[in-house]
Structures are given as C-alpha cells and as structure tokens.
Amino acid sequence: METLRYPIGKPNLPKKITQAEIDNWITTLAAFPEKLEHLVMPLTAEQLDTPYRKNGWTIRQVIHHCADSHHNSYTRFKWTLTENTPVIKAYYEDRWANLDDTKHGPIELSINSLKALYAKWVYFLKTLSNDDLDQYFIHPEGNEKVSLRENIGIYACHCDHHYAHIEQLLIRKRWK
C-alpha cells in the first residue's frame with residue numbers, strides 16, 4: 001500500500017539547494033502539463049474514474065487536484081514576494097477532490113489550466129533572484145518555514161508523484 005501511495009517515495013530535498021537543482025526542477029515543471037496530457041488523453045471516461053489505489057482518488061480527481069494545488073502554490077509564491085513572511089492559507093485538498101467539478105469535470109479543463117499556469121509560472125520562476133528564492137512563507141500546519149527555493153523542489157516532486165500514480169495504474173491495468 002505504501003508503494004501505491006508514494007510511488008516515487010516521499011520528497012527528499014537536499015539541505016543545500018543548488019542552482020542546477022532549481023533549473024532541473026523548473027524543467028520538470030515546464031514539461032508537466034504536456035507530459036500529463038499525453039498520458040491521460042487517450043483514456044476513456046471509465047478509466048479516468050478508476051482510483052489509482054484502494055481508497056485513493058480517481059485519475060480524474062488526481063488531474064484536477066494537480067491544477068488546484070499548483071494554482072495555490074503559484075499564489076503562495078506571489079504572496080511570499082509581496083508580503084512580509086506570510087502565513088499561507090492551507091486548504092482541505094481532500095474536500096476539494098470531492099467537489100463535483102473535480103469528481104466529474106472534463107479533464108481538459110485542468111489540462112488547459114495547467115498549460116496556462118505553467119507558461120506563466122515557469123517564466124516567473126526564471127526571473128527570481130537568489131534573494132527572492134531565499135524568501136519564505138509559513139505553512140500553518142506546524143508553523144513550518146518553507147523557502148521558495150524549497151517550494152520549487154516540492155512542486156517538481158508533486159508533479160512526478162502524481163504522474164507516477166497515474167502511470168503505475170495504467171501499467172498495472174495494462175492500459176499502457
């Protein structure tokens with residue numbers, strides 16, 4: 001079950017994050033929408049409504065979750081650079097995943113949303129200075145400080161994590 005829940009393992013960011021790692025993570029982010037689209041567009045409605053694991057989200061929910069989560073992260077970057085150490089607003093991703101638009105909405109809505117978001121977000125990330133990257137926000141769960149440098153890595157891992165959820169299900173079901 002743990003392998004199905006964390007198919008690439010839990011994120012393990014280096015203590016000292018280099019520019020090369022940031023560049024690699026930005027490349028991962030830039031490629032994600034197209035990579036995801038190529039993986040999921042051939043799927044039928046029945047396949048999209050298949051959970052990736054027992055008691056897990058469906059492929060459709062995972063796709064919509066990525067759009068919702070990544071929009072929230074982009075906003076957190078903006079808050080961090082325009083406010084003094086903001087405490088971000090957390091959200092109940094499990095509740096968002098159970099809203100009708102996430103459970104039943106066409107995946108093209110979130111694929112297109114991710115394409116537009118990532119075009120803007122990647123452009124934005126490439127303009128950040130080292131001082132910008134060292135800015136941080138406070139996550140209210142545990143009062144954790146998260147630097148923008150770290151958050152780029154977290155979201156690159158998030159892309160790979162959810163892509164692997166879907167891809168491994170497709171392989172297990174012999175749909176790929």
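**Close-up 1. An aromatic cluster in the predicted model.** In this predicted model, one aromatic cluster is formed by Phe 32, Tyr 74, Phe 77, Tyr 118, Trp 121, Phe 124 and Tyr 155. Counting rings of Phe, Tyr and Trp as paired when their centres lie within 6.5 Å, the number of aromatic pairs comes to seven.

**Close-up 2. The ring pair of Tyr 74 and Phe 124.** The ring centres of Tyr 74 and Phe 124 are 6.0 Å apart and their planes stand at 75 degrees, so this pair is classed as edge-to-face, a term that applies to planes over 60 degrees apart. Because Tyr 74 belongs to helix α4 and Phe 124 to helix α7 (residues 107-126), the pair ties together parts that lie 50 residues apart in sequence. Both Tyr 74 and Phe 124 are buried.

**Close-up 3. Lys 78 over the face of Phe 124.** Phe 124, one of the residues of the aromatic cluster, has Lys 78 lying over the face of its ring, at 4.6 Å from the ring centre.

**Close-up 4. Tyr 92 and a nonpolar patch on the surface.** Tyr 92 is found in the loop between α4 (59-82) and α5 (93-97), and it counts as exposed because its relative accessibility is 52%, where the cut-off for this class is over 50%. Together with Trp 96 and Leu 99, Tyr 92 forms a nonpolar surface patch, and the accessible area of these three residues together is about 320 Å². Over the face of Tyr 92 lies Arg 95, at 3.8 Å from the ring centre.

Notes
Residues are numbered from 1 along each chain as its sequence is written. This is a predicted model: local features need pLDDT of at least 70, side-chain atom pairs count only at pLDDT 80 or more; totals for chains, interfaces and linings use all residues. Side-chain values use heavy atoms; hydrogens and water are left out. Patches are made of residues with over 30% relative accessible area and no salt bridge: like charges are joined within 9 Å, nonpolar side chains (Val, Leu, Ile, Met, Phe, Trp, Tyr) within 5 Å. Accessible areas come from the Shrake-Rupley method with a 1.4 Å probe; for residues, only the protein chains shown count as cover. A salt bridge is a side-chain nitrogen of Lys or Arg within 4 Å of a carboxyl oxygen of Asp or Glu. Helices (H or I, at least four residues) and strands (E, at least two) are DSSP runs, numbered from the N terminus. Buried means under 20% relative accessible area, exposed over 50%, partly exposed in between (1.4 Å probe, protein chains only). Rings of Phe, Tyr and Trp (its six-membered ring) pair if their centres lie within 6.5 Å; planes under 30 degrees apart count as stacked, over 60 as edge-to-face and the rest as tilted. A charge sits over a ring if NZ of Lys or CZ of Arg is within 6 Å of the ring centre and within 35 degrees of the ring normal.
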